[in-house]
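Please keep the sequence and the structure in view while reading.

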Amino acid sequence: MDILYTNTRDASETVPASQAILNGLAKNGGLYVPTVIPKLDIPVEELAKMTYQETAYAVMSRFFTDFTEEELKTCIDRAYDAKFDTPEIAPLVYADGAYYLELFHGATIAFKDMALSILPHLLITSARKNHVTNDIVILTATSGDTGKAALAGFADVEGTKIIVFYPKNGVSPIQEKQMVTQKGDNTLVVGIHGNFDQAQTGVKQMFSDPELKAELDAAGYQFSSANSINIGRLVPQIVYYVYAYARLVESGEIEAGETINVVVPTGNFGNILAAFYAKNMGLPIETLICASNENKVLYDFFSTGVYDKNREFKLTSSPSMDILISSNLERLIYRIAGEDAGKNAELMRQLSSEGKYEITPEMREQLSTFYGNFADESETAAAIRKLYEDTGYVIDTHTAVASAVYQKYVTETGDHKKTVIASTASPFKFTRSVMNAIDESHDAMGDFELVDELSRLANVKVPRAIEEIRSAAVLHDTVCDTDEMEAVVKRFLRIRE
Ligand SMILES: *Cc1c(COP(=O)(O)O)cnc(C)c1O
C-alpha cells in the first residue's frame, strides 16, 4: 500500500514521503502527516528476533513507500553503525520498577541522534528521487544541542553541507567545545555576537530571501533544514518503541500482545508522538505518559483542553524541554480534529495571534490514551538521587523528569503495568546537574573532574563523545555579527559577493 502525506493546514496537498522529507515544512506552515498510519503486519515473535536495523526497515518501509528496499536499507546501514557505542543501538535497562530505553548511545549522547543520524541519508535519497541535482545546504541556528547532533549527522555526507550558527556567549562551554571541534570538510560552525533568537531570525531571513535562493541555485546549491518537524525525523523515532517492545517479549518480561505503558520526557512533542504512531500501528501500548518540567504547558493542556503559551518561560536543569510551543502537537490536534485541515489551521492561527487555543469536548475525549503531569526542579533532582541510592543506576535530568512523573502516575492510578521510560540523554551530557542532585558538595569540582567522578560513581565508562572533546583541536573559530551571516554563508560556499 502506498502511503501519502498530507498538509495539516491544507487538505488539497498530498505528496509522497520523499517530497515531504525534502520540503520539511509545508509552504503555508503546515506539517506533513501520513494519510493513514500503516499497520505493523509482522508477528511479535518475528519482531523479537530482529536487530535494530531490521526493525528499522520493518517500520520505515511501511511509511516511506516510495523508497526502494535498497535505498532504505542503505540509509539504515549508514545511520545505525559504529557511530553508536553499542550494537544494540538502543538498549533497555531495568531499574526500580521500570525499563529505561537508553536512546543516548549515538554520536552526541542524546536521543536526537536516533533520527539525525538517518535524516541526512533520507534527505539525499529524496533529493535524488525528485531529480534535484543541487547539493543540499543545511542551515541551522542552535541553542546548543540540536546543532551538534545535526553536525554529527551531516558531517562528510556526500552532496550536503551544513552551517550552524550559535550565540557566542549563549551556550555552555562543553556545548561550544563539542561544536567547534566538529570534523568534516562540509561543516561550518559560526559563533554570532547576539542571542539565540537573533541567530534564528538571521537563518529564517536567509531561508526566505528569493535573491539568495537564485544565487545559490546558480552555484548548484539549495537550502534545507533539519528541523524536528520533518517527517524524516519523526518516523525513525517510531522504530525504538517497536524494538523495545520486541526486546521485552524476547527476554520473557512480557507475553506477546501484553500491553505496556510508555513515559516520555517531552518538549516539542516529537518523541511522544512517535510512540503514539507506534500505538496506532498496532503496538500494544496502553497509556502514553507525557512528562513535562516546570514549563508545563502540555500538562495544563491535557488537564484543561486549553493550550496557552502566555506564561513565564523558565530555565530548568532539563533545557531541551524548556519549550512553550510544542510544534509537533499540531499533528495530534489535526488527528483529534477529525483530520480536518481547516479546523486545525484555525486553532494554529489562534495560537500565533493570541498565544492560545481551546479544543472542543469531542476532541478532548480522544485524548484518553494520554496522561500528563510534570516535575519541578526539586522533584527532578530527588528522582536522580533516589534511583542512584536504591540501584546505583544514574539517569540524566530529562529522564529524571520522566521518572518523577511516572512515580506520580503510579501513586495516582495504582497501575503497575510494565513500563518503558524513554531515557533521552546520557548523564554525562548534564554532569553538573546530575552530580549536584546526588550530592551538592560536588559543585566545587571542575567540569572534567565531575565527569571522572560520575564515571566512578555510576561504574560506567566515560562516553567517547566526552573523551573526544577533552583533547580535540578547535577547528572552527569564525565569529561574526548578525548582519554578516549571509556573507559568511556565501564565503563558505564560494559564491562571489
Ligand atoms: C529534544 C529532547 C527532549 C524532548 O523531545 P521532544 O521530541 O522535543 O519532545 C527530551 N530530552 C532530551 C535530552 C532532548 O534532547
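Two strands pair if DSSP finds at least two bridges between them. Helices (H or I, at least four residues) and strands (E, at least two) are DSSP runs, numbered from the N terminus. The model is predicted, so local features need pLDDT of at least 70 and side-chain atom pairs count only at pLDDT 80 or more, while totals for chains, interfaces and linings use all residues. Residues are numbered from 1 along each chain as its sequence is written, and side-chain values use heavy atoms, with hydrogens and water left out.

**The three-stranded sheet**

An open sheet is formed by three strands in the order E2-E1-E3, with antiparallel pairing. Its edge strands are E2 and E3 (32–34), each of which pairs on one side only. On average, neighbouring strands of this sheet are turned by 35° against each other, direction ignored; axes are lines fitted to C-alpha atoms, for helices over the stretch in contact, and angles run from 0 to 180 degrees between N-to-C directions.

Strand E1 (residues 4–7) is joined to strand E2 (residues 10–16) by four bridges, and the two run antiparallel. A hairpin of two residues links E1 to E2. E1 also pairs with E3 in the antiparallel sense, over three bridges. Asn7 takes part on both sides: its bridge partner in E2 is Asp10, and Asn7 stands opposite Tyr32 in E3.

**The five-stranded sheet**

A second open sheet has five strands in the order E9-E6-E7-E8-E16, and here the pairing is parallel. Strand E9 (221–224) and strand E16 (478–481) stand at the edges with a single partner strand each, so one side of each is left without a neighbour in the sheet. Neighbouring strands of this sheet are turned by 30° against each other on average, direction ignored.

Strand E8 (residues 187–193) pairs with E16 in the parallel sense over four bridges, and Gly191 stands opposite Val479 in E16. Helix H9 (residues 196–207) lies across E6 (135–141), E7 (160–167), E8 and E9, and runs at about 150° to E6. Contact means heavy atoms within 4.5 Å.

**The ligand**

The ligand is surrounded by 14 residues, the closest being Lys112, Gly267, Asn268, Asn271 and Thr424; a residue is near a molecule if one of its heavy atoms lies within 4 Å of it. By class, this shell has five nonpolar, eight polar and one charged residues. Ala, Val, Leu, Ile, Met, Phe, Trp, Tyr, Cys and Pro count as nonpolar, Asp, Glu, Lys and Arg as charged, and the others, Gly among them, as polar.

| Residue (backbone N or O atom) | Distance to an oxygen atom of the ligand |
|---|---|
| Gly267 | 2.8 Å |
| Asn268 | 2.7 Å |
| Asn271 | 2.9 Å |

The protein covers 95% of the 380 Å² of accessible area that the ligand has on its own, by the Shrake-Rupley method with a 1.4 Å probe.

Terms used:
A polar contact is a pair of N or O atoms within 3.5 Å; within protein, one must be able to donate a hydrogen and the other to accept it, and residues adjacent in sequence count only if both atoms are side-chain atoms.
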